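Here is a short briefing on some residues of one protein chain. Please look at the sequence and the structure before reading on.

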Amino acid sequence: MASFNWNNLFIIIFSCYLTATPIFSDSNTIPNLLDLAKEPQVFDWMVDIRRKIHENPELGYEEFETSKLIRAKLDELGIPYKHPVAVTGVIGYIGTGLPPFVALRADMDALLMQESVEWEHKSKVAGKMHACGHDAHVSMLLGAAKILKYHEKDLQGTVVLVFQPAEEGGAGAKKIVDAGLLENVSAIFGLHIVPDMPLGEVASKSGPMSAGCGLFEATISGRGGHAALPQHSIDPILAASNVIVSLQHIVSREIDPLDSQVVTVGMFQGGGAFNVIPDSVTIGGTFRAFSSESFNQLKHRIEQVITGQAAVQRCNATVSFLEELKPLIPPTVNNGDLHDYFRSVAGSVIGINKVKGVEQMTGSEDFAFYQEALPGYFFLLGMEDVSVERLPGAHSPYYKVNEDALPYGAALHASLAAKYLVKLHHEVPVVEGKYYDEL
Ligand SMILES: *[C@@H]1O[C@H](CO)[C@@H](O)[C@H](O)[C@H]1NC(C)=O
Ligand SMILES: *[C@@H]1O[C@H](CO)[C@@H](O)[C@H](O)[C@H]1NC(C)=O
Ligand SMILES: [Zn+2]
Ligand SMILES: [Zn+2]
C-alpha cells in the first residue's frame, strides 16, 4: 500500500461498532500485555524483524528498505498508514480512526560505522551498523502494533504509530512534526534501550532529561606571512587560541553553576608549516544546555565571544551554527503530568520497584522536537542481563541488543497508549485558557 487508505479505516471503524466488547473501558481491567508480548507469536515475530533490520542498516533519510519492511508488516496486520512522511517515515493508525489520538515513536536509522560483532545476523553493509538499538526500537513498536491490533475493538480512540527517519543528528523528528500529521495528537511516548541498566527496568524523570545540542564553526581570518616577521602579519593562530580560552569562560564565569551547560571545541584547523603564519584558522565545536532559554543564550554568547575576541587580535571572524546541515536539537523535557502517568502504567506492567529515576544527561535526543509541539514523554529501558554478559555501550562497534528486552518495549508502548486513551475518555475536556480568563 503506497498511501493511506481511508476505506480501510472506515471498515475498521464499522467493525468496531459491530463487535465492541470494551475490556479497555476501565484501566483496571486492561490485561498485562507483557505476558502477551512474551508469547512466541509476538516475541519470535519481533526478533525476526529486528534481525532483518540489523542485517541491512540504513543511514538517516535512506531507510528505504527498513520503511518497506515496516509497511509490509503493517499490511500483514491490516493496519492503515501514511507514507512517505519525512522521506522514509511511516505513520500507522490503530483503533477507531477518531479522536482522541495518542502517538508512539520509534526511530529507524543506523550509524556510519563497521560492526565488529561476529554473529549470524551481522550487518551485511560494510561501514554501516545499528549500534544504537534503533533496529530494536522499530521491532518493539511493531510488536506493540501487533498487540494493540489484537485488542483494537477495545481502544477508545486511535493509536498513532510514528516510524521516524534520521534520529542521529538528522532531526527526523522535526520533519515529522513539520509534516503536520500529529497536530491533533494529545500525547506522544518514546523510549531508548540502554545497555547499562538491568533487563526490564525503566528509568526517566520529570522535566529536563537530555540536553539541547548545537554545533558551531568559526573561521578566524588574519593576514599570513613569514613566521620570523610577526609585525607584518595578523596571526589567526593566536587569535583562535584566545577565542577558545574565552569560550571556556562562558560556562565557568557567566552561567549559574546549578544550570548545567557544556561548550567543547573539538576541531582546530589552521597552518601547515613551521615557519609560516597562516591566513586563517577554522575551529568547531558543540554546546549543550537543558532549557531553551539557556541554550539560546549560550548560542548568542558563543557568537559574541568568537567575533569579539577575534577583533581584540585584529582578526575577523565568521560564525556558523550549521543549522542547514545539522539542525539544533532542543532539550528533551518530560511533561510532569505524563511523568506521574508513566510511573503508574509502567509500575502496573513491570512492577513499581523496576521503575527508576535518572539524572539528566548531556547527550541529546531528537524526541525533543515532538515535546516542543505536544506533551511528550521519553524513558530508558534496560536490557542488561549480567548472568549472560556485560553489554558494551551505545555507538560501540561491539554493541549488542539483548532481544529479551523486546517484549518489555512492546508491552510498555502498547499499555501506555491504550491506557492513555482510557484516561482521556474519562477526563472532562478542558477548554484551554478558560480558567485563566475567569481569574
Ligand atoms: C485536526 O483536527 C482538525 C479539526 O477537526 C482538522 O481540520 C484537521 O484536519 C485535523 N488534522 C489532522 C492532521 O488530522
Ligand atoms: C576585516 O574586515 C574588514 C572589513 O571588511 C577589512 O577591512 C579588514 O581588512 C579585515 N581584516 C582582516 C584581518 O581580514
Ligand atoms: Zn545513537
Ligand atoms: Zn539512539
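Helices (H or I, at least four residues) and strands (E, at least two) are DSSP runs, numbered from the N terminus. The model is predicted: local features need pLDDT of at least 70, side-chain atom pairs count only at pLDDT 80 or more, and totals for chains, interfaces and linings use all residues. Residues are numbered from 1 along each chain as its sequence is written, and chains are lettered from A and ligands numbered from 1 in the order in which they are written.

**Annotated site**
- An unreviewed UniProt entry marks Cys-132, His-134, Glu-168, His-192 and His-395 as "binding site"; positions follow the numbering used here, feature names are shortened, and annotations may be inferred rather than shown by experiment.
- These residues span 264 residues in sequence, yet no two of their C-alpha atoms are more than 13.2 Å apart, so they gather at one spot.

**Cys-132**
- Cys-132 lies in the loop between strand S3 (101-107) and helix H5 (134-150).
- Cys-132 counts as buried because it has 21 C-beta neighbours inside 10 Å (buried: 20 or more other C-beta atoms within 10 Å; exposed: 12 or fewer; partly exposed: in between; C-beta atoms are placed from the backbone).
- Beyond four places in sequence, Cys-132 is in contact with Leu-111, Glu-168, Ala-394 and His-395 (contact: C-beta atoms, placed from the backbone, within 7 Å).

**His-134**
- His-134 sits in helix H5 and is buried, with 25 other C-beta atoms within 10 Å.

**Leu-247**
- Leu-247 belongs to helix H7 (residues 236-254).
- The C-alpha atoms of Leu-247 and Ile-306 are 7.4 Å apart, although 59 residues separate the two along the chain.

Conventions:
Two residues are in contact if their C-beta atoms, placed from the backbone, lie within 7 Å.
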